[in-house]
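Subject: A structure for you to look at

Hello,

Here is the structure I promised to pass on to you. Please open it beside this email, and then read on for what turned up in it.

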Amino acid sequence: MALWQWVRDVHVLSAATSITLFVIRGIWMMRDSARLRRRWVRIVPHVVDTLLLASAIVLAVLTAQYPLQQPWLTAKIIGLLVYIALGMVALRRGRTKPVRVTAWAAAVAVFVYIVLVAVTRNPLPLVAGAAA
């Protein structure tokens, strides 16, 4: 297996782990669970997300595909920034539970968009005939 394939697999596994943890934390938020205050819940997602970001950077370098040169990669990064902002509102900054739940659902939708962009390498993955 080539190095870039191994890094891609780490990236995909990190993304799957990241969204799984985000969904679980969102469910706990909706249930007002004390589990959200556990030490590992505050640490592990940051470790996973750091691995996700590091693998993305290494993958970009190994494959010589960079944002602003590749529209689909630029779309993923913009999507990531939106996902992070919504995630912060959902799990920390939202003043009311309806705001947090709405932000959480929107963040999950943005994550799905990011995955669709990655799979199709198209910044508009749901638009038929969109330029890649």
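Threonine 74 sits in helix H3, where helices (H or I, at least four residues) and strands (E, at least two) are DSSP runs, numbered from the N terminus. With a relative accessible area of 18%, threonine 74 is buried. Here buried means under 20% relative accessible area, exposed means over 50%, and partly exposed lies in between (1.4 Å probe, protein chains only). Leaving aside residues up to four places away in sequence, threonine 74 touches Pro67 and Leu68; a contact means heavy atoms within 4.5 Å.

Before going further, please keep in mind that this is a predicted model, in which local features need pLDDT of at least 70 and side-chain atom pairs count only at pLDDT 80 or more, while totals for chains, interfaces and linings use all residues. Residues are numbered from 1 along each chain as its sequence is written, and side-chain values use heavy atoms, with hydrogens and water left out.

**The whole chain**

The chain has four helices and zero strands, so its elements read α-α-α-α from the N terminus on. Its C-alpha atoms fill a box of roughly 45 × 35 × 20 Å along the principal axes. Of the 132 residues, 33% count as buried. The chain exposes about 8500 Å², and carbon and sulfur atoms supply 69% of that area; accessible areas come from the Shrake-Rupley method with a 1.4 Å probe, and for residues only the protein chains shown count as cover. Among contacts between residues at least 6 apart in sequence, 62% join residues at least 24 apart.

**The nonpolar core**

Which residues touch the most other members of the largest nonpolar core? Of its 13 residues, they are Ile19, Phe22, Tyr83, Ala90, Trp104 and Phe111. A nonpolar core is a set of buried Ala, Val, Leu, Ile, Met, Phe, Trp, Tyr and Cys residues joined through side-chain atoms within 4.5 Å. Helix H1 (3-30), H3 and helix H4 (97-120) each give two or more residues to this core, and H4 gives the most, with six. As background, nonpolar side chains tend to be buried together in soluble globular proteins.

Not counting residues up to four places away in sequence, phenylalanine 22 touches Tyr83, Gly87, Ala90, Leu91, Trp104, Ala107 and Val108.

**Aromatic pairs**

There are three aromatic pairs. Rings of Phe, Tyr and Trp (its six-membered ring) pair if their centres lie within 6.5 Å; planes under 30 degrees apart count as stacked, over 60 as edge-to-face and the rest as tilted. Tyrosine 83 and phenylalanine 111 form a tilted pair, 5.7 Å centre to centre with 50° between the planes. This pair links distant parts of the chain, since tyrosine 83 is in helix H3 and phenylalanine 111 is in helix H4, 28 residues apart. Tyrosine 83 is buried at 10% relative accessibility, and phenylalanine 111 is buried at 13%. Ring pairs join Phe22, Tyr83 and Phe111 into a cluster.

**Salt bridges**

How many salt bridges are there? The count is two, where a salt bridge is a side-chain nitrogen of Lys or Arg within 4 Å of a carboxyl oxygen of Asp or Glu. One is between lysine 97 and aspartate 32, at 2.8 Å from N to O. Lysine 97 lies in helix H4 and aspartate 32 in the loop between H1 and H2, so the pair ties together parts that are 65 residues apart in sequence. Lysine 97 is partly exposed at 26%, whereas aspartate 32 is exposed at 55%. In the other, arginine 8 meets aspartate 9, with the closest N and O atoms 3.4 Å apart. Arginine 8 is partly exposed at 32%, and aspartate 9 is partly exposed at 34%.

**A patch on the surface**

Leu53, Ile57, Val61, Tyr66, Ile77, Leu80, Leu81, Ile84 and Met88 make a nonpolar surface patch of about 770 Å². Patches are made of residues with over 30% relative accessible area and no salt bridge: like charges are joined within 9 Å, nonpolar side chains (Val, Leu, Ile, Met, Phe, Trp, Tyr) within 5 Å. Helix H2 (39-63) and helix H3 (71-93) each give two or more residues to the patch, and H3 has the largest share, with five. Methionine 88 is in helix H3 and is partly exposed, with a relative accessible area of 32%.

Enjoy exploring!

Best wishes
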